[in-house]
Structures are given as structure tokens and as C-alpha cells.
Amino acid sequence: MAASQLLAALNALYHHDDAKVKDEADRWLEQWQQSVEAWSVADGVLHDPSSSMEAQYFCAQTLRTKVQRDFEELPPDAVDSLRESLLQLLIRFSKGAPPVRTQLCLGLAALAVHVPSERWGDGGVVRWFALKFSPLPPDLALPCMLELLTVLPQEVHSYKIAVRPERRRAFSGELQANTGAAFEILTSCLSQPGERTRTQVLEAFGSWLKLNEGRPLPSIAAAAAAAAPGSGGEDAAAVLARHPLVAASLEGLQTTGETFHAAVDAICEVIWTTVDFNNPNNGEAGGGSPGGGGGGNGPPALAQAALPLVQVIVPAIMGLRGRFAVAARRREAETGRGSTGAGEGEFDDDEDSSKGMARLFCEVGEAYLVLIVSAVAEVRAPVEALLEVAAYPDFGICSMSFNFWHRLSRQLLSGSPGSGGSASGDDAAERERRRQFFLPAFERLVQLIRGRVREPESYGSWSKDEKHEFRSAREEVGDTLEDSAAVLGFGRCLSLLVEPLAALGLGDAATAAAGTAGGAGGGGRGYDWRTAEAALFCIKSIHRHATSPGDPSLQQLLEALPNLPRDSPQLQATVCSTMARYAKWLERSMQAGYCQPLLQRLLGLAVANLELPGGYCQAAAASAVRHLCEECGAFMGSCLQDLLGLYNKVLGMGAAARSPAGANGTAAGGGLLEEDVEAIIAAVCQAVSQAATPDQRPQAGGALLTPVLQQLRDALSALGPPQQQQQPVAPGALPPPPPPPVSSSHPHLNPLIDRLAEVFGRTADSEVVAQMLMASWPVLDALMVRCTGCAKTIEHVLRTLRYGIKGAGRSAAQLLPTLLEVLPARFTTTRHSAFLFIVSELVKFFGDDSANDSTLSLILTGLITEAGRPLTSLAALTSSPDMVDDLFLLGLRALGYAPRLLLAPPGPMQGGDCRALVTLLDVAMVGCVMQHREANGSVLGFIARLTAPATLARCPAAAGDVLRAHLLPRAPIFVRLLLSGIAGTLPLGRVAVVGAALMGLVAFGASPVVAAAAGAGGPGGGHQAGGDLGSSAGLGWLAAALQAVPDVAATSSDKQTFLGAATTALRAGPTAGSGSGEGDMMGNGDGGGGGGGYYDSGWEAACQEFADLCRRNKRARQAAQAALLPQELAAAVDVGERRRGG
């Protein structure tokens, strides 16, 4: 009956015409796969010779997933029968459908992960399978055995398999011990005929080598030697160097098709077995990764035993250069950039084969960088091969070499000699010798890739995705040019990049100005703007290396920019971005007395480009004006009036433009976009701040503020009075539609508010900003009152107010009483979370002065209690993540700057109460398990900082009593909730942050004062500075929470291990740097951020281990959550998981 239901559901899923029936069948099948009966039914269908291909594949997939995630459902005595059944099915489908065979192999591999080694016999899992297949004919046994040998090592680190962490580690060790047996079996298979067999052997060989995971060669070499008959006491690495599998892989490089690609994969893995990432003398120790290089300061070291193998594989790979050159010429001919027939050769390689050869060259370069950087004659071949990769016509293959050039550049500049360097490798002369050795290669690289950024003639007809891909490729080329400039030096690299411009006659102003190939035309007549634009793009990419003030070549180039044709917006856009990139160099040059007239010419060019038609160039021109003003503002005293004229001119554009297009931020008559207007506002404000003398700044600030503020007043007047409250609706009548929000009916308003924010944010003088803020406050407050119902506009107003407070700093003290009076009332009306952020800024600037405690404490308490009032359930918090995030960011800011405001004891003499702390703790008890990443991170950060020793250390002594009075009753529940977060309530990526908060609570409960107040004992332990862990209330809370976790999720031994890690962390004491307690004042969602609590790597590893254990399958995770979470929270979490498909 069950089998017939299954087959009917499959028939409906694959063949029914009604989409609803298909969806219903799909849901039924998904639920059925999770049932216990799926084991026997799927097994029966697979053993039935009459079952359809669809049923066979689905049932094979079902058995695979059941073994992977539901293995613990099986009774122990069913394991052997399942193993035998899967094996017989695999043999049966040896010549059947490959997808079914693959699913069965994956199921057997997952079974091998679950089943301990002793149940596979003395020879281990590999020899067990070999023994089972040995009586079978080769045509039946080989496909099964080879596919099993391929997937077995791949499943070692598969987290689809719900296995305990210690069993996963044990299986990895078991497979490594089986490496010799696997090599022996694969070697024997080489004698079997058939190209497909050889391909499978190479695929399996590469899979076992990948199991090495960057460990040194000897483990693999020794396994090869153990499997090699007659090797005797011969060196293991030498045996691997002439091992038949290595030889077969190298022979495979001379083939085509699947065998070639399998050989490439295998040889790449062979290469990385020769590299020792764990060499303690290596600057990249532990930081490397096969295929990607390391992330440290130096290249990975060569394993000492690996040289014989390196001497075998590198010449074989370099022997592919001729074949790669033929493929490159053929590709050039196909793309019309080479002569027809230029690609004739022995092999008819396609792009994938070319990519395989390029990959080999790149792997050699990256893996053996430690040898290449020694700069001896023998390393020229790999470097030349990588130049050939960079020259390949297709960018996808060309860019494969970029990582090598990046790493080589870094190594040449780092001063690390690498292994094999001479005794004087650290000497400056040795470094210079190496740099000189590679100069020709980097010069050639620049010449090869500089043309890759040229915009094709057909660019205008490309799709959006094609244009994005091209722009991304240009950025990659720019990064590689920057690496090249680091080695070549700015001057030499600039001379190479200027060559295309010189060929166009850059220095001839008349020729340049006479260009007629503008816009999208061109076609080859007149000035080739595309080549000029590409050259400038390359030149701007190396701007960081322009360190010499007054460089004559660069000065000459910048002086020639105004002479380039103005009728090509694309070219002028790159001209502007080039000016922006070199603004910092220009400032340094002017400081040194060079380039004095150049600034005005470049600024004039940027301003002129603002008015180019079409809008293509305006954003780049605005950016150029901004960068020039930002960097060189101190030298703009003579042109301030011109800048103020530009300022007043652009204020009438963008959102302020009187045209229908103004709603979209575009002015009539070719004006600027609003974002470009804001860039000009920022530029002029920065220039005025730098160029105006102190006595001129107030007047200049008024000149900047007045027109912007007047626009806002006019816009506020245009809004009219608030709409009257709606009259009651007559019975049976439909209510009138609500009025549109202000941001929709007046779309220009928010951009005008943002302009004021730019004025505040870009004015450097705090006194001037404070005056501006005082003058602007009536308008901002009127906007808050008028736009109460529009959350978007309120957010823009509050953002502007925040900029004003940050810019004014302590100079805003005169506005403080007004803000403290008005802000709570406005928050109650609008309930916008950004008000909390405003108050956090006030705490930052005024919280360190105890004279402000009475006023700050009132507003802090009022806003926190009002914000937390409706946040009483997980659903309420989930629907208001911004409110939760800003609420706890405010709490973090208070703990960072003035913790006494939250922890001040109640009473009239202290001027504060504890309602804010109580509200934060109550909301945190729900927020610590909410899914929203930022909000949850802020909650966890608050808990970690609240319990950090440094927080109480900065408060009066009585604050400790207050914290204990309110936290102790909640702490056991907090611990259970946080443990549930580790066990699976929260995403795996947050385990470290949850662990920091959990350890903060446990450590808080470990102090003798807390233990005495709580009256709770804990598990036995040693002595910690500051208290006996045997009476730790914190460990008692953790032990009680762990006791609630059912054995199906974690055994008693697992719980004791986790508790022991907590005890060890407590004994280790607070982490370094906990004395200040400040750290990151806003927390930024990092629970371990600035609290300086009890936390170490061992505790983090224990949290990760416990998380993996409880999350290994759905059954364990749900059991742990149900035991740890209160019923209402468990139900809410379960609903959320179902919505997310969890």
C-alpha cells in the first residue's frame, strides 16, 4: 500500500497536467521522505525490477538522504542489513542509470562516515569494499569501485551527513590511514582497458589527494611507499615521484576530453601535496589554501621531501606551453585578431582545454612562488608561461594569472627572502636584485593587459549584464596594474601606460582639440577617444603609487587633460575620475611648491564638464570637484567666490528644479541629478572649511546655510497645514482612502533635507556647525511636527539632526535642554527608532560629565521604557527589528560612555532609576533568540558588555548591587536561551557571538558576591583569582541548562565536556585589554567586541563543537530547542523555521 501511494505521487509529480496537483504531490513526497517507513519502501522499490527510472532515482535519492540525516533512526542491528542491501543495489545498477548509481555510492559513503572502523574489518572501509567487489567481473566491479573511491574522500567534510563531530574527525583519520590501500587499488585498475576507466582512476586519485588538505607531503608519500611493492627503505617522496598514478596523470595531460580534465585535476592536487602550509618558518603559516595561495606575508614553503616530485611534474607541465600557444593562436583567428590557420596543431583544444592548461601554469606559479621569487634563471619558464596566460585572447583565461602577479608583487616588496634565498636575502641589495630580475616580466604584463580595458565598438548594443561583466573585468585589470606599478615604480609604469596616448598625440593640443570622433560615433576617423579613455583608466588605477610631489611626467599628463576632445562624454568622464584619483598627489605637490596653477585649470575643467549634455559625465565631474575640494581646499582661497557661485547655481538643480522631471531628481535643461548636487554641496563646504580663516568661517557658514535653509522653509510652507482628522464614517459607507505620505506627495522634500545634512556633515568647524544647528532647529522641529505620519521624512530629518549633533559635538550644549525636552514627545508621537540613535549621540558627547546625569538619565529612561513597552513577544520584536537594533545600540552606547546612567541605584539623591535597565533586560530575554542579524547582534553585544568586569569597574560601588538585583533572577533563563541559540535557534554563523554573551553571564555568576547572593552551587572546580569555582552560580546555571538538553541531542559526556570548557575559560580569567571596557562604543553587533570578558579560543571551539553536535540533524536540533526554550518562544521559533523552510 505504501509503495503504491509513493508511485502514484511520483506519477502525479512528473506527469499530471494540473500544477496544483504537482505541488501537492511534491509536498507529500517531501514529508514521506522524512518518515521511518521510507527506509523499507524505498529499498523495496529499488529491488523491484519492474520499477520505473523515475521511481528508481527518487528512491535511491531517498535512501541517500535517509542515511545522511536520519541514520540515528535505525536500530543497531539494522546497520549490517542496510549495508548489504545498498551494496547489492549498487552492483545491480552497475550497468544501469548512472544517476541512480551515484546516489547509491553517496549513500554507502555516508554509511561509512556513520559506521565505526571496527565494523569494517581489520583492512578498513576501502579493503572491505574491494573484498566485496573482487569476485565480480571487472565490467561490473570497476564502475562501482571507482565511483566509491571518488566519493568516499569527498564526503569526509560533508555537513549534509548528520554525524557527531568526533566521529567526523575519526573518519577523516581512518580514510587517511586507508590512503595506501586506495592507491594500491587504483594502481591495479590502470591495467584495465578503456578510456573511461582511466578517467575514473584519475578522478579518484585526485579526490584522495585532496584529502591531504594542505598538510605536508610525507603523509601522502608514505602511503604511496607503503602501497608500492619492493620499495624497501627507499625515500617515500621518491616513490611517489615515480608512482604509476602520478605517471598516469602526467600521461593524461597528453590526451583530450574527460581524461585530460581528470588529469589536470589530479596534477593540481599533486602540486599542492608538495607544499607545506604549516612550516613554522613560513610567513604564511597556517594561512594558505590549496589552489588559492595563502593570506599571510609570504609564500608557502616547499616540503623538504618534495623536490624529486617537483622535478618530475614541473617540466611536464611546462611542456604544454607549445600546445597552449597553438590554442591561443586558434582562438585569435576565431575572434578575427589573428591569421586564419595560425592555430593548426596536433590537438584540437577547445576553450575548456585551454583553461585547464592555464590552470596548471597558474597552480605551478602560486604553489612554487617560494622558488620563483628566488629570481634565478630556472624560474623563467613558469613566469613566461604565466605571461602567455595573460596574453590569451579570452579575458576569463587571461585573468586566471592575476592572482599570481598579485602575490609575486607582494612578495617582492615584503622583504621576505623565502626559502632557498641566500644569506643576504633580507638585505636591501638582494631585494633590489630580485626586483630587477622580474622587471621585464612586469613590463610585458602591463603591455599585454593595458588594452583589455578598451571599450569595444559594439559596447552600446550590449546587454546590462554584459556591460557589468566588462566593467568588472576592467577593475580586475586595474588591480593588476596597481600590483605591477608597485614593482616597476610609478614612473616606469606611467611611461608604459602613456604610450597609447602618446601615439594619439596627447601633447599636441591642436591635434587633440581637433578630434571629430565624438560620442558614440568614432568609427576610426578623427581622434580615437576609446584608446585615450582606456589609457586614462589604466593611469588612474595606479594613483596610489604616485608618491613623488611634482613628478614632471604626471604633471605634464594632467596639464594636457583640458586639451582632450570635449565631444566625447565617456572620455571626459574618465578624465574627471582621473583628476579625482590624483587630487591627493596634487595637494602634496602644492604643499611642496609645485603645480600651483594646475589646480584652477583642473577645477575649471571639472566644473565645465558638469554642463556637458546627456548626463553621462556629470557624476564623474561632481566627484572630481568633490575630491579636488576635499584634498586641495586649503589652496582654494582665491576661488572661494567662484565656488560659492557654483554652490548657489546647483542648489536650483536636482530636486529643487521647477519641472515635472524634478520628482525623479533631474533638473530641466540638462541640470544635475540630486546626488551630484549633494556632491557639489559637500565639495564647497569642505573647501570653505579649509580655505576660510577662523574669523571668516561664521560668515562663510552662514552663506552656505542660508540658501539651503530657505529652500527647506519654502518646501515646508508648500506642504500646507496638516490634514484634519477624518470624520466618522457613516454606517455602511466605505472609509476614504488615507492621504499619501509626504514623501510621495512631495518627493522633492527629502532630498532638500539631505542637503542640510551635507552642510552639517562637511563643515569642519564645530562652533560653526553648532550655530548652523541652532538656526536650523526650528525648521527641523516644524518638519517633525508636520510630517509625523511619514516615516521616511522623519528618518531624513533625524539623520540631518544626527549629522548636526556629530558635527557640533560639545558645542551643541546650548541646544541640549531643548532636545531633552522635545525629543521624547516627538518619539511618543512618531515611534521612529532613529530618535534612539539621536540620544545615543547625546550620550556620547555629554555622558562623561556627571553634571548632565540628571537630564540625560531622564531622557534615557523615558525613551528606553517607551521604546520597549510594546516589545513583549518574539512576534513584536521580529516586526520591529530597527527599533530593537537602535534600542540596544543606545544601551551599548550608554554602557560604553556612561554606564552609571543605566546602573545608577534608585533614589532621589542619585537622580535616576532602574526602569531603563529593567526594560532592556526584559526585551533582551526575547531578543537574544530573534533571527534578525543586526538586531540580535546588538542584543547579544549588550549582554556581553553589561556582564563584562570593566563595565562595573567604571561605576560607583552601589551599581553592582543594582545589577545583581535585576540580572540574577533572570540569569538562569538567559543562560538557557543563549544555550538554545548555540544549539540551533540562531544561525551557525552567530555561535561565536552567542558564546561571548553566554560566557559573560557565566563569569558574572562566578564572582563570590554573586554566588552568595544567588545561593546556588555549581560543579566542582579549582580555584580562580577572585573566587572558588566550586560555588559558582554561573556554572550552576550552565549545568542546569545542559541537564535539560535531551540525550538525543547531546550525551552526558558531551555536556560535561562543554561545562569543562567553561570552567577552563573562567580559570583563565578576563581577556587582555578588559581594563578600559570601552572598545567599540556602538557594539556593531559583536558580542565579544569591547567588553573585555572571559573568552578564549578554547571556549569558542567548544561552542562550535556543541553547535555542530546539536545541529547534526533536525531531530537533535528540535529536541534541544524544545527542551531549552519556553513554550511560547519554542512555538514562535518553530513557526519561523517552517516559514523559512527549516
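Colleague: Why is E443 called partly exposed?

Modeller: First, note that this is a predicted model. E443 has a relative accessible area of 22%. Buried means under 20% and exposed means over 50%. The value for E443 falls in between, so E443 is partly exposed.

Colleague: What makes R492 and E443 a salt bridge?

Modeller: The closest N and O atoms of R492 and E443 are 2.9 Å apart. The cut-off is 4 Å. The pair is within 4 Å, so the label holds.

Colleague: Where do R492 and E443 lie?

Modeller: R492 is in helix α25, residues 490-504, and E443 is in helix α23, residues 428-449. They are 49 residues apart, so the pair links distant parts of the chain. R492 is partly exposed too, because its relative accessible area is 34%.

Colleague: How do you know that K649 forms a salt bridge with E611?

Modeller: Again by distance. Their closest N and O atoms are 2.7 Å apart. That is within 4 Å, so K649 and E611 count. K649 sits in helix α33, residues 640-650, while E611 sits in the loop between α31 and α32. The two are 38 residues apart.

Colleague: Why is E611 called exposed, and what is K649 called?

Modeller: E611 has 53% relative accessibility, over the 50% mark, so it counts as exposed. K649 has 44%, so K649 counts as partly exposed.

Colleague: What makes D961 and R964 a salt bridge, and where do they lie?

Modeller: The N to O distance is 2.8 Å. The limit is 4 Å, so D961 and R964 qualify. Both lie in helix α49, residues 958-967, three residues apart, about one turn of the helix. An α-helix has 3.6 residues a turn, so residues three or four places apart point the same way.

Colleague: Now rings. Why is the pair of W462 and F470 called edge-to-face?

Modeller: Their planes stand at 85 degrees to each other. W462 counts as partly exposed because its relative accessibility is 24%. F470 is buried because its value is 11%.

Colleague: What makes the pair of F1058 and W1099 tilted?

Modeller: The centres of F1058 and W1099 are 5.0 Å apart and the planes are at 35 degrees. Stacked needs under 30 degrees and edge-to-face needs over 60, so this pair is tilted. F1058 lies in helix α54, residues 1052-1068, and W1099 in helix α55, residues 1097-1110. F1058 and W1099 are both buried.

Colleague: How do you know that the span of α55 agrees with expectation?

Modeller: α55 has 14 residues. At 1.5 Å a residue they should span 20 Å, and the end C-alpha atoms are 20 Å apart, so the two agree. The buried residues of α55 include W1099, A1102 and F1106. Among the helices that the buried residues of α55 pack against are α9, α54 and α56.

Colleague: What makes the charge of R474 sit over the ring of F537?

Modeller: The charged end of R474 is 4.1 Å from the centre of that ring. The distance limit is 6 Å, so R474 passes that part of the test. K467 does likewise over the ring of Y459, at 5.3 Å from its centre.

How values were computed:
Residues are numbered from 1 along each chain as its sequence is written. This is a predicted model: local features need pLDDT of at least 70, side-chain atom pairs count only at pLDDT 80 or more; totals for chains, interfaces and linings use all residues. Side-chain values use heavy atoms; hydrogens and water are left out. Rings of Phe, Tyr and Trp (its six-membered ring) pair if their centres lie within 6.5 Å; planes under 30 degrees apart count as stacked, over 60 as edge-to-face and the rest as tilted. Buried means under 20% relative accessible area, exposed over 50%, partly exposed in between (1.4 Å probe, protein chains only). Helices (H or I, at least four residues) and strands (E, at least two) are DSSP runs, numbered from the N terminus. A charge sits over a ring if NZ of Lys or CZ of Arg is within 6 Å of the ring centre and within 35 degrees of the ring normal. The expected span of a helix is 1.5 Å times one less than its number of residues. Contact means heavy atoms within 4.5 Å. A salt bridge is a side-chain nitrogen of Lys or Arg within 4 Å of a carboxyl oxygen of Asp or Glu.
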